[in-house]
Amino acid sequence: MQSVVLSLGAVPAYILGRRLWATPLSGLVAAAAYLLYPPLQFANLFDFHADAFATPILLAAFAALFAGRVGWAVAWAALLILVKEDMALVAVCFGAYVAAVHRRPVGLAFAGAAAAAFGLLVWIVIPGWIQTPYFALFNRWHHLGQTRPN
């Protein structure tokens, strides 16, 4: 499943390359560069990680944004929040980018919503699920006992 999702990122890479350099060949080069990028291949081969799903989603968000479809771009970026809780911070940055560079006020609203989603996830949802505070660095290994090494 991870291989399929990562390979689907070639579609928005092609769209971005074609749009930015105005030729279909440049789209093919961008898609090939994406698929041949060694860190992407290593992430795919190493192990399953939910974070890997963020790559094609973020590419799709940028492809929609550069195509002038801001609503679709924000919808794609909203999917980042479903990948993992820390991807909400990436969504905040995407919203700030939309607001600052593309001068779209929906970017600020989206950045605020993504920040609220992050706060909701790390202070309410996840602690309620695991029955311990999210940022409990010293309590993370309590099930192993209370002794500390000398």
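1. Ala22 is exposed, with 65% relative accessible area. The scale used here: buried is under 20% relative accessible area, exposed is over 50%, and partly exposed lies in between (1.4 Å probe, protein chains only). Ala22 sits in the loop between helix H2 (10-21) and helix H3 (24-36). Its phi is positive, about 60°, although Ala22 is not a glycine. Most residues other than glycine have a negative phi.

2. A word on the basis. This is a predicted model, in which local features need pLDDT of at least 70 and side-chain atom pairs count only at pLDDT 80 or more, while totals for chains, interfaces and linings use all residues. Residues are numbered from 1 along each chain as its sequence is written, and side-chain values use heavy atoms, with hydrogens and water left out.

3. Arg103 also deserves a look. Its phi is positive at about 55°, and Arg103 is not a glycine. The residue is placed in the loop between H7 and helix H8 (106-130). With 67% relative accessibility, Arg103 counts as exposed.

4. Overall architecture. The protein chain has eight helices and zero strands. Helices (H or I, at least four residues) and strands (E, at least two) are DSSP runs, numbered from the N terminus. Along the sequence the pattern reads α-α-α-α-α-α-α-α. Of the 150 residues in the protein chain, 36% are buried. Take the contacts between residues at least 6 apart in sequence: 54% of them join residues at least 24 apart. Contact means heavy atoms within 4.5 Å.

5. How do the axes of H5 and H6 cross? Helix H5 (residues 54-66) and helix H6 (residues 70-83) have axes that come within 7 Å and cross at roughly 165°. The two are therefore roughly antiparallel to each other. Angles under 35 degrees count as roughly parallel, over 145 as roughly antiparallel, 65 to 115 as roughly perpendicular and the rest as oblique. Axes are lines fitted to C-alpha atoms, for helices over the stretch in contact, and angles run from 0 to 180 degrees between N-to-C directions. The crossing of H5 past H6 is left-handed, that is, the near helix is turned anticlockwise from the far one by less than a right angle.

6. Residues at that contact. H5 contributes Ala54, Ile57, Leu58, Ala60, Ala61, Ala64 and Leu65. H6 contributes Val70, Trp72, Ala73, Trp76, Ala77, Leu79, Leu80 and Val83. By class there are 15 nonpolar, no polar and no charged residues. Ala, Val, Leu, Ile, Met, Phe, Trp, Tyr, Cys and Pro count as nonpolar, Asp, Glu, Lys and Arg as charged, and the others, Gly among them, as polar.

7. Aromatic pairs. The structure holds three. Rings of Phe, Tyr and Trp (its six-membered ring) pair if their centres lie within 6.5 Å; planes under 30 degrees apart count as stacked, over 60 as edge-to-face and the rest as tilted. Phe48 and Phe53 pair edge-to-face, at 5.7 Å centre to centre and 65° between the planes. Phe53 counts as buried, at 18% relative accessibility. Phe62 and Phe94 have ring centres 5.0 Å apart and planes at 80°, so this pair is edge-to-face. Phe62 lies in helix H5 and Phe94 in helix H7 (residues 87-101), so the pair ties together parts 32 residues apart in sequence. Phe94 is buried, with a relative accessible area of 3%, whereas Phe62 counts as partly exposed at 24%. Ring pairs link Phe62, Phe94 and Tyr97 into a cluster.

8. Finally, Leu89. This residue is in helix H7. Leu89 counts as partly exposed, at 40% relative accessibility. Leu89 and Ala117 are 28 residues apart in sequence and 9.3 Å apart in space, C-alpha to C-alpha.
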